[in-house]
Amino acid sequence: MAASGNQAYLAMEESVRSRVPPILTDLYQFTMAYAYWRAGRHNEHAVFELFFRDNPFRGGFSLFAGLTDCLLFLRNFRFSEEDIEYLRTVLPPSTDPAFFSFLTSLDCSAVSISSIPEGTTVFARVPLLEVSGPLAVVQLLETSLLCLVNYASLVCSNAARFRLAAGSKLKLMEMGLRRAQGPDGGLSASRYSHIGGFDATSNVMAGLLFGVPVSGTMAHSYVTSFSSLKEVSPQVMVPSGGGESVDFVTLTIGWLRRVCPLLGVESERIHEGELAAFLSFGLAYPLNFLPVIDTYSVKSGLPCFCAVALALCELGYQPVGVRLDSGDLCRLSVEVRSVFLECSKHFRVEEFQSLTIVGSNGVSEQSLGDLKKSEIDVMGVGTHLVTCTHQPSLGCVYKLVEASGHPKMKFTEEPEKTTLPGSKNVYRLLDTEGHPCLDLLCLSEEPPPVVGVSLQCHLLGHGNTPHRVTPTQVVKLRQNVFSKGQLTLPLSSVAESRARAQTSIHSLHPRYKCLQQPDTYIVAMSEELFVLFCDVKAKNTSANNFLL
């Protein structure tokens, strides 16, 4: 059972406070803050935007995640005495001591955040967060916010792709904790892969903190730990309906003698230690019997499972199924299902018709698609999910767009790294069928688009040619979520973010959900933003703007 709502949030807040203190940042954030402070600019009002430049995995969309941790981080932003003492040792000796006194008083009581809701589908160049407040403070927030959003959104998007590859019927279980980049990476992967579409996790702590359903039975080590039937203890079981204890070992051996001829398996192929392990596990979990059957060979593991499962059925218990962890999962699952159905028919045991087959073996996005013709009901995914094999970083950036009321933008020799100036609102335009068709970036002082009224905009990455569009539905994407040190909206639970993610993905047109060569979603700037962009660019590139 997961922790209650309040307990879960308290545990999450304590986790963020311990894992992401304000000093978890890059040194140059402090050197810039000091320079702002020396120049008397530290309290100037500034606006930063957080966004990414390209959709991950060459896909058509991403999912935004990490907002809850960002808000909990902001709410607890304050330097400790130990932080300040350490900063004295790493900043230059010439640093004015009064700066450290300034740092001790810093918090986020003057910071405001507007954000797209967690779990929403998002696209390249759309500002996910707008962070505004005193220049020195919002500068110091940069690295931590990027750290909290980058991996969360990346693994959430990766999970969504696995879900699309698997289809809606196959259940997906995240089991990558042992392969993740450290404990925090493992916990984050469990949380955000569930938001992205996974059904369960093997990570017990993720169940405790976030309410993610947890699942798991046994590993190969349990099977190999047994060598003989003599190690099975106890050897008797009480039927589910009560009554006298039954010699479960003898009962199972009797079933094994009937199963082997049916399956054409020679008794010499049966590994005694494997049968002993299954017996012991069945005795411990008569209602949750799901062993891994390929520790030695499926030709040994499958008959052993059938014998123990048939004995459990005879005593009134319902076995769950098997796990396959090696080999050709598609072929093996078909063979296993065939055996289950044959046993059900031959021994007239209906319980065998509903047995579950779980698969796990270095599963990738590609191999998930190949398994659609298999008989696997649940797929466990680890390494390729949590390490995001095909793209290890989302590449979110945090850029200044306004200072002291003046629009700011970055110029560079790489045009794709040029930023858009000014504080903005973001609107999503929907087509007549309710599919998102265009995200529009507008200056914050502009009125919102009006349904049925044609407007002119400029598509990002398509030059200066104007484009006209008439909205049929308009959604304001960003909401004010943090102001004056306080949350302005309730934090979303993992379940709420998951539901939002699935709804948001479902609303996308199929052409943006293709895993290979999807269409490019349109992001545009309003006419007023385009004019400002051209004006700021012209002023910054004119000869009058240079001293010499």
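Predicted model: local features only at pLDDT ≥ 70, side-chain atom pairs only at ≥ 80, totals over all residues.
Residues are numbered from 1 along each chain as its sequence is written, and side-chain values use heavy atoms, with hydrogens and water left out.

Let me start with the whole chain. The chain holds 19 helices and 22 strands. Both are DSSP runs numbered from the N terminus: helices are H or I with at least four residues, strands are E with at least two. The C-alpha trace spans about 95 × 55 × 40 Å along its principal axes. Of the 548 residues, 54% count as buried. Buried means under 20% relative accessible area, exposed means over 50%, and partly exposed is in between, with a 1.4 Å probe and protein chains only.

The record has an unreviewed entry, "domain: Nicotinate phosphoribosyltransferase N-terminal", at residues 24-150. That span is 43% helix and 17% strand, and its end C-alpha atoms lie 15 Å apart. Also from UniProt, again unreviewed, "domain: Nicotinate phosphoribosyltransferase C-terminal" is placed at residues 424-531. Here the chain is 21% helix and 37% strand, with 14 Å between the end C-alpha atoms. UniProt positions are in the numbering used here, feature names are shortened, and annotations may be inferred rather than shown by experiment.

Now the open spaces. The search uses a 1 Å grid over the protein atoms alone. A pocket is an open set of points with protein on both sides within 12 Å along at least five of seven lines; a cavity is a set where a 1.4 Å probe fits but cannot get out. Lining residues have an atom within 4 Å of a point. Points are joined across faces, edges and corners, and a volume is the space filled by probe spheres set on them.

The largest pocket holds about 1,000 Å³. Its lining counts 36 residues, and Met173, Met175, Ser202, Arg323 and Ser360 lie nearest the centre. Which elements each supply at least two residues of this lining? They are strand 6 (171-174), strand 11 (356-360), strand 12 (378-381) and helix 16 (383-386). By class, the lining has 15 nonpolar, 15 polar and six charged residues. Nonpolar covers Ala, Val, Leu, Ile, Met, Phe, Trp, Tyr, Cys and Pro; charged covers Asp, Glu, Lys and Arg; the others, Gly among them, are polar.

The second largest pocket has about 840 Å³ of space. It is lined by 31 residues, with Arg125, Glu416, Leu460, Gly461 and His462 closest to its centre. Strand 22 (522-526) and helix 19 (527-541) each give at least two lining residues. Helix 19 gives the most, four. The classes here are 15 nonpolar, ten polar and six charged.

The largest cavity holds about 90 Å³. Helix 1 (5-19), helix 8 (182-196) and helix 9 (204-210) each supply at least two residues of its lining. Helix 8 gives the most, with five. By class, the lining of the largest cavity splits into six nonpolar, two polar and four charged residues. Domain 1 (3-140 + 392-537) and domain 2 (163-386) each contribute at least three residues to this lining. Those bounds come from an automatic or database domain assignment.

Two strands pair if DSSP finds at least two bridges between them. Strand 3 (residues 112-115) is joined by four bridges to strand 5 (residues 129-134), running antiparallel. Across that pairing, isoleucine 113 stands opposite valine 131, and serine 112 opposite serine 132. Four bridges also join strand 3 to strand 20 (residues 479-483), again antiparallel. There, serine 115 has glutamine 479 as its bridge partner.

Last, glycine 216. This residue sits in the loop between helix 9 and helix 10 (220-224). Buried or exposed? Glycine 216 is exposed, at a relative accessible area of 61%. Its C-alpha lies 6.0 Å from that of serine 202, 14 residues apart along the chain. Ser202 also came up among the residues nearest the centre of the largest pocket.
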